[in-house]
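I opened a notebook page for this chain.

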Amino acid sequence: MTKCRCAKYHCFCFFPAVSPAHNGRVCSTWGNYHFKTFDGDIFQLPTTCNYLLVSHCKSNYEDFNIQLRRTVENNQPTLGKVTMKLDGSVIELTKDGVSVNGEMANLPLSQAGILISESSTYIKITSKMGLVFQWNKDDALLLEIDEKYVNQTCGLCGDFNHIQIYDEFIMNGVKIEPQDFGRNWKISGPTETCTEPTPSSNNNCETYRAACEDYLSDNALASCNDLVPINDFVDACIQDMCDCDESDDSSCVCNTISEYSRQCAHAGGQPMNWRRNDFCNKKCPLNLEYIECGVPCADTCSNSDQSALCEDHCIDGCFCPNGTVLDDITQSGCIPLQQCSCTYNNKTFAAGESYSTNCQKCTCSGGQWTCIDLDCPGRCSVEGGSHITSYDGLQFTFHGDCTYILSQNINSDDFVVLGEILKCGLSDSETCLKSVSLIIKGGIVNSVLAKPPETWY
Ligand SMILES: [Ca+2]
């Protein structure tokens, strides 16, 4: 998505960097028990058992190990629990929240090389080892790993050797069915009960092919069709419609089209809004809009240039309409930047309001303070012959025995104030300000014998 800001006669547009295609490093699972391996195979594994999604298995040290389990809620499969071991930390994700090493985490959280953040749509976990995990808090998760792990992974995401089918669904020349492939990566406790996959018995699924092809080659996804072939997603869509218990079959294909749209973004594409009011509609709070391809680093009142610096590819979620930013100060939804409030000393000021300090007056404009300098008298003092307070309020004691510059203009000879601080008692710690001289433009205009008082301002 391109964002433009326009002045009277010209516009300045931001083109968020589109990262190059990296589908080959992405493993995902979504909706009706669908999985896509790093190497691009798409298969279905309808089970609620615990599975190894991916681990770093061909090395002495296991950098990561991710397990997941589906549950069925309201007759729909969803991701119930994901457990990740990332370089020594244990992260558990459920719909109740995220825990790290057994403690519930407040997001965003950054520790031990792991950053966990949350947007309107996704919980995102980034590990400096080269792993990015995103979960849509519902049915879909997506994992992207660095090329350095090529041919070093095990689990339902496959071996990441960049060769489809081998050695996932053909091993040593023998064809392997998805449920047998899945069984290799099942990790379930001895006492647990979970449903096992059974091959689909429905034979009339092909009747849905035309509808699925239509959904996936919708005009809004036209730019994606060249980047991500629809064939495998058509097959997943057919399974979705075939298994659908809803009165309206089309409501069962939303997750697969969402996944196609995400894969398109990972391939460097920009899916347009394919959802309609009566088809896979998603609601957003306040006046945010659901957009298929929005800049993930959204501009806000307190940080209005984030999107221009964003290097991540677009994601789906709730975003502010063009020309507005998210009001993260008074939480009023999306507003034009010019209407943004500002904060100072934990107080909120509306656009146009101002505050003044001794030396400046600041006015809230577009979420930022615009300040002008005011004439402000500075004051320093020497008291009791040795107690000095600087212009900035620093107090110290100084026992001198000479003439000192008390203050002068650094860059010009506009003025110099000299003070003669001398011993005036029996001990070294008794000093008096004997005289003060004010020199303006190089000439002594006043020389004062300071007795009494022994105080000068
Ligand atoms: Ca492979």
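I started with burial: 42% of the 457 residues in the protein chain are buried. I note that this is a predicted model.

Next I looked up the overall form. The radius of gyration of the protein chain is 34 Å, whereas a compact globule of 457 residues would come near 23 Å. I read off spans of about 110 × 55 × 35 Å for the C-alpha trace along its principal axes. The secondary structure amounts to five helices and 35 strands. Of the contacts with a separation of 6 or more, 46% are between residues 24 or more positions apart.

Then I turned to the calcium ion. I listed its protein donors as Asp39 (OD), Asp159 (OD), Asn161 (OD1), Ile163 (O), Tyr166 (O), Glu168 (OE) and Glu168 (OE), at 2.2 to 2.7 Å from the ion. Asp39 sits in the loop between strands S4 (34-36) and S5 (42-44), and Asn161 in the loop between strands S17 (153-154) and S18 (170-171), so the pair ties together parts 122 residues apart in sequence. I checked burial for both: Asp39 has a relative accessible area of 10% and is buried, and Asn161 counts as buried at 15%.

Last, I took helix H5 (residues 254-266). Its 13 residues should span 18 Å at 1.5 Å a residue, and the end C-alpha atoms are 18 Å apart, which agrees. Twelve of the 13 residues of H5 are buried, so the helix is largely enclosed by the rest of the structure. Among the buried ones I noted Cys254, Tyr260, Arg262 and His266. After H5 comes Gly268, with a positive phi near 90 degrees.

Terms used. Residues are numbered from 1 along each chain as its sequence is written. This is a predicted model: local features need pLDDT of at least 70, side-chain atom pairs count only at pLDDT 80 or more; totals for chains, interfaces and linings use all residues. Side-chain values use heavy atoms; hydrogens and water are left out. Donors are N, O and S atoms within 2.8 Å of the metal (3.2 Å for Na, K and Ca); water is not among the atoms, so sites may look incomplete. Helices (H or I, at least four residues) and strands (E, at least two) are DSSP runs, numbered from the N terminus. Buried means under 20% relative accessible area, exposed over 50%, partly exposed in between (1.4 Å probe, protein chains only). The expected span of a helix is 1.5 Å times one less than its number of residues. The radius of gyration is taken over C-alpha atoms; the globule rule is 2.2 Å times the number of residues to the power 0.38. Contact means heavy atoms within 4.5 Å.
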